[in-house]
Amino acid sequence: MSVLLLVISALVLIYFSIGGKTAAIVMSVATLVGVANDGWHLLSFVIGGLLLALALLITLPGDLRLDKFSRPLLGWVRSRLPKLSPTEQEALNSGSVDWDGELFSGKPEWNKLLDAAPAHLTSEEQAFLDGPVEELCKMLDDWQITHEHYDLPDKVWKFIRDKGFFGLVIPKEDGGLGFSNTAHSEIVMKISTRSVSAAVTVMVPNSLGPGELLMHYGTDDQKHHYLPRLAKGKEIPCFALTSPVAGSDAGAIPDKGIVCKGEWNGKEVLGLKVTWNKRYITLAPVATLIGLAIKVYDPEHLIGDQDDIGVTCVMVPRETDGVNAGTRHLPMNTVFMNGPTWGTEVFIPMDQVIGGQDMLGKGWKMLLECLSIGRSISLPALGTGAGKFASLATGAYAYTREQFGRTISQFEGVQEALEPIAGYTYMMDAARLLTAGMLDRGVRPSVPSAVLKYRNTDLMREVINHAMDVVAGRGVITGPRNFLARAYQAVPIGITVEGANILTRSLMIFGQGAIRCHPFIVEEIEAAGMEDQDKAAKQFDGIFYRHLAHTTRNALRAFVLGLSKGWLETAPRQGDIQKYYRQLGRFSAAFALMTDVTLLTVGGGLKARQRLSGRMADCLVQLYYATAVIKQWHEEGYPDDQRDLVEWCLQTCLHDLQDSMRDAIINFPVPALRWPLRLLVFPLGATGLNGPDDKLGAKVAATIVNDTPVRQRISRGTFINMDPDDPLGRVLNAYNLANETAEMRQRLHEAIRSRDEDELDGIALLMGHQRKELVDWACAQGIIKADECPKMEEALTALYDVIRVDAFDADGLKALAKGAKGKRKVVERPGSGS
């Protein structure tokens, strides 16, 4: 009994994070009670003594604990902590921590999530979406842009300039619109549902380019000169980071600037002789102001004693002698301006260094902080836009497409594809809005930006692939009728750019997050790196024992919550989803424990353990997206018609989280720890979180098929076009007519099914394009009333038109190959499939 009392006392102290003198007093009392109960029982005395010693260790006088324990421990910890390169140290120092830190804590404070200011639009921003953005979308014909012009039309370029699309986030006092990050995201998302090429053209100057860097780091003269010109489109910017041999790794780029003197505007000034070779640079073919990331060297020591100054961001005007740009890449049949740029020993003055001479060598930090904004907005908005468009169009198509007298949306196989389209789109939108809200609060979410870029582009691929499965042959024939082709072709672009997804998942998310978001590791690394040993030991002493208690608490929480299946965790009552809060709390503790064990045992070798890092990244992704869904449902007031979607998302995230954590444990690189970790994290086995069942899946599939408010919610922010001659409008027009005539068409189908072939007078042999004959027969038979016949014929015409595809004659195909307008024929012959 005494042993049990001692162990329980210790566990309670740890679980509730009670430490210091209070812990020492409690353990002293527990030891005395044990001795009084069992006498000098050896086991109780030893255990009580050890636990009491541990409590007393924490409360020892500082100098004694420092000399006897902390200094030796610091030496051992130094050998385990990851070693950081200068660029990694800068990455660690950039950005800020918000909700991601709570997920790494092991015990998230849910009120911090629910009470945080949400993403929102001002009336001015909403008016811009309803006005200029809507007008821009109406001007865009994606087929003409990608197959005839290979560019945005001149009138579109002019409209984008005149309406301020290049200055969305530039402050009003500098000539821009001064919009929020949420507005930026909504604008890019809406345009992307009409044309990816146009969306990329708008998003790049607002997310990564000289404008963003100038706003945060530019000198007053640079801001006054360039920002108004950028905002009004008088300057078209690009930013060139990626090199052929180094990718987007700024630490490895060979592009360089040599400090020297040269002539600029007729005067000799101090500047840089810049040599670069960049590729994949969006807007480079048309840019008038080229931003560059280079490494600066000062071999003649014109500005200081250092030879190697470091990564620096500069601006090179296009008309400068020696600048080469204008040729184009064609990224997967999207035709936004993208191409290489290069130059050899091009002289620029120090005034062209972003931030001036004082910012030499600080470019990597500048890029990291701005990347966290751009990566949180641009590509996540494109991914969400693709999901919303696919939900809107594919749900409508599945309802209008009929087979065997039934809409294909009633087939379970089709529902199995529609289900993730709806669920993943809701999930992407929730994560997008959670992160946009952080940005608008002034957070620079370096880790969430990587999470969002990776996951939203990955889910975009999942959603578009499922949409293509539903649309089938209708989606694979190139032509102006195809509403999915461009999104399908654009998928690899999002996967690849701004940090390829393999890199982002296997190196960046957990590798950066484990250190950046951990409550203690950053200070321990700083202590380990100090040259002053006394100062290092004191800082380490002040943090290590709290870290030890943190790890022990999370181990205990993971085990206890695993045993109780989360039921001992407290949870908010809003929304009646306590069971999900409890599971997320449980897995947050397990994730925090796994993070500490990984850092302790793998340490600096984590970069080489990319499978482990990737699986841990997947765990963080699922935690982040599940909590984003909760946040979004909370902000919308817990509408009941979204409950099925919310539960589907939470069940999917928890199921995938369980699988990722299980895979991380059974493949943990230290085999001796696999069994203890499985015992702590999955004491009852990795079971019980099976994901959504078929019944829930069918309900979620129906959310994008049935004409209800929740379908409108999922597709909210999409450009809507009801023109029957438009690729999307054709589907939506047919969808509306199908809903209006559903009861009439049901009567017709039942009449045909219930009669013998002889009674049908040959009507069963009619082809799909013989709509008038079918309607005339139905009217003659009294199946359809006379006043219903025109609407019925209109609906059948629209339903047939939805499944038709484009066909080109030989001359038309040759013309397309030359970039001219092809002669297109839509063949009407029965059985042609067109």
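**Entry 1: His184**

I began with His184, which lies in helix 11 (residues 181-192). The model is a predicted one. I looked up the accessibility of His184 and found 1% relative accessibility, so this residue counts as buried. I then listed its contacts, leaving out residues up to four places away in sequence: His184 touches Leu168, Val169, Met203, Asn206, Ser207 and Ile377.

**Entry 2: Val286**

I turned next to a loop position. Val286 lies between strand 3 (267-282) and strand 4 (289-297). Its relative accessible area is 29%, and I therefore recorded Val286 as partly exposed, the class between under 20% and over 50%. With residues up to four places away in sequence not counted, I noted that Val286 touches Trp157, Ile236, Arg318 and Met337. I also checked Val286 against Pro237: the two are 49 residues apart in sequence, and their C-alpha atoms are 8.4 Å apart in space.

**Entry 3: Aromatic rings**

I searched for aromatic pairs and found that the structure holds 15. I examined the pair of Tyr399 and Tyr735, whose ring centres are 5.6 Å apart.

I looked up the accessibility of each partner. Tyr399 has 16% relative accessibility and counts as buried. Tyr735 is likewise buried, with a relative accessible area of 2%.

Tyr735 has a charged neighbour as well: the charged end of Arg711 sits over its ring, 4.3 Å from the ring centre.

Elsewhere I noted one aromatic cluster, formed by Phe128, Phe159, Phe165 and Phe179.

**Entry 4: Nonpolar cores**

I recalled that nonpolar side chains tend to be buried together in soluble globular proteins. I then looked up the largest nonpolar core here and found 133 residues in it. Those that touch the most other members are Leu418, Met427, Ile464, Phe591, Tyr625 and Met661. Helix 24 (residues 610-635) gives the largest share of this core, 14 residues.

I followed one of these members, Leu418, through its contacts. Not counting residues up to four places away in sequence, Leu418 touches Thr394, Ala398, Ser409, Val470, Ala701, Ile704 and Val705.

I also recorded a second, separate core of 91 residues, which includes Val259, Cys313, Cys370 and Ala381. I checked Cys313 and found it buried, with a relative accessible area of 1%.

**Entry 5: Cysteines**

I searched the whole structure for disulfides and found one. This disulfide joins Cys779 to Cys789, with an S to S distance of 1.7 Å. I read -120° about the S-S bond, and the link of Cys779 and Cys789 is left-handed. Cys779 lies in helix 31 (residues 771-780) and Cys789 in helix 32 (residues 789-803), ten residues apart.

I compared the accessibility of the two partners with the 20% limit for burial. Cys779, at 24% relative accessibility, counts as partly exposed. Cys789, at 13%, falls under 20% and therefore counts as buried.

Conventions
Residues numbered from 1 in each chain as written. Predicted model: local features only at pLDDT ≥ 70, side-chain atom pairs only at ≥ 80, totals over all residues. Heavy atoms only, no water. Phe/Tyr/Trp six-rings, centres within 6.5 Å; stacked < 30°, edge-to-face > 60°. Buried < 20%, exposed > 50% of the residue type's maximum accessible area, 1.4 Å probe, protein only. Lys NZ or Arg CZ within 6 Å of the ring centre and 35° of its normal. Helix = DSSP H or I, 4+ residues; strand = E, 2+ residues; numbered from the N terminus. Contact = heavy atoms within 4.5 Å. Core = buried A, V, L, I, M, F, W, Y, C linked by side-chain atoms within 4.5 Å. Disulfide = S-S within 2.5 Å.
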